[in-house]
Amino acid sequence: MIAVDTYSDAVRRTVHDLVIANRILADKGVLDAYGHVSARHPENPSRFFQSVSLAPELVTVDDIAEFDLDGVPLSESRPAYKERFIHSSLYAARPDFSCIVHAHTESILPFTLTDIPLRPVVHDASAMGAFVPVWDIRDDFGENTDLLVTSPKIGDSLAVKLGTNRAVLMRGHGFAAGAGTVSGVVRMCVYMARNAEVLTTVLLLGRTPIDLSSGEIAARDLFDPMSAASRRSWDYWAAQVGFGDLL
Ligand SMILES: [Zn+2]
């Protein structure tokens, strides 16, 4: 637990957004009892915030802990998520990321197992980017792992596969994704999951999906993430999970 009342307004805002993000991602089925979301410290880029080891649906402000970029908890004795190294390694590799999600979302899992690429086909999913690589833990760590990212070394391998993309799939496991704002990452993940459902339906219909073009994705990237239109889903979803008072 961090003494959020003793922090600046910027930190308090980040922690509150992180709690809201946990609840929305659980409500939308992106996260279940496992998986997690984190936010970079707004005033110290070598730190990030994340809940202790709890199901996202149960996370409150009192459960948020602070970590360094080695994944070491700085002020918390309760157990941390085993896979927090996804977050520490990706924050170290991607200074442009201020929020990261790791999830095991069912609609996305098939695309971690086949050579059919997950790509945006519906406009709301454009933020995931045109290309999402697939990381296979076997490539660097062999066939006897538990598939989890439980060390900085494994996290760094995942970060290499992510490269300059916005999301990376994890074979037989899930995905990790990041962006510059908490609300933007939550929105991206919700629509990435819905996009996977639509894409699967098209493929089951036996038809060839029409991908968004690079020009369409670039045009949508120009949207201001803090505009009223972009905030609409965040405000609505926060109210839906009963956390509108934290906005
Ligand atoms: Zn996982």
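**Helix packing, pockets and an aromatic pair**

Helices α1 and α5 are roughly parallel to each other, because their axes pack at an angle of about 10°, where angles under 35 degrees count as roughly parallel, over 145 as roughly antiparallel, 65 to 115 as roughly perpendicular and the rest as oblique. The axes of the two helices lie 10 Å apart; axes are lines fitted to C-alpha atoms, for helices over the stretch in contact, and angles run from 0 to 180 degrees between N-to-C directions. The structure is a predicted model, in which local features need pLDDT of at least 70 and side-chain atom pairs count only at pLDDT 80 or more, while totals for chains, interfaces and linings use all residues. Residues are numbered from 1 along each chain as its sequence is written, and side-chain values use heavy atoms, with hydrogens and water left out. Helices (H or I, at least four residues) and strands (E, at least two) are DSSP runs, numbered from the N terminus.

In the contact between these helices (heavy atoms within 4.5 Å), Asp-17, Ala-21, Ile-24 and Leu-25 of α1 meet Val-182, Val-186, Cys-189 and Val-190 of α5. The residues of this contact divide into seven nonpolar, no polar and one charged, where Ala, Val, Leu, Ile, Met, Phe, Trp, Tyr, Cys and Pro count as nonpolar, Asp, Glu, Lys and Arg as charged, and the others, Gly among them, as polar.

Helix α1 (residues 9–27) also approaches helix α7 (residues 228–240), with axes that come within 9 Å and cross at roughly 75°, and α1 and α7 are therefore roughly perpendicular to each other. On the α1 side, Asp-17, Ile-20, Ala-21, Ile-24 and Asp-27 take part, and they meet Trp-234, Trp-237, Ala-238 and Gln-240 in α7. The contact of α1 with α7 comprises six nonpolar, one polar and two charged residues.

Open space was examined next, on a 1 Å grid over the protein atoms alone, where a cavity is a set of points where a 1.4 Å probe fits but cannot get out, and a pocket is an open set with protein on both sides within 12 Å along at least five of seven lines; lining residues have an atom within 4 Å of a point. The largest pocket has a volume of about 650 Å³, a volume being the space filled by probe spheres set on the points, which are joined across faces, edges and corners. Its lining holds 26 residues, of which Ala-127, Gly-184, Arg-220, Phe-223 and Pro-225 lie nearest its centre. Helix α7 gives the most to this lining, with five residues, and the lining of the largest pocket as a whole divides into nine nonpolar, nine polar and eight charged residues.

The second largest pocket holds about 310 Å³ of space and is lined by 16 residues, of which Arg-13, Thr-14, Asp-17, Thr-181 and Val-182 lie nearest its centre. The largest share of the lining of this second pocket, three residues, comes from α1.

A search of the whole structure finds one cavity of 30 Å³ or more, and Trp-135, Asp-136, Ile-137, Leu-147, Met-170, Arg-171 and His-173 line the largest cavity.

Three aromatic pairs are counted, under a rule by which rings of Phe, Tyr and Trp (its six-membered ring) pair if their centres lie within 6.5 Å, with planes under 30 degrees apart counted as stacked, over 60 as edge-to-face and the rest as tilted. The rings of Phe-48 and Phe-67 have centres 5.3 Å apart and planes at 20°, so this pair is stacked.
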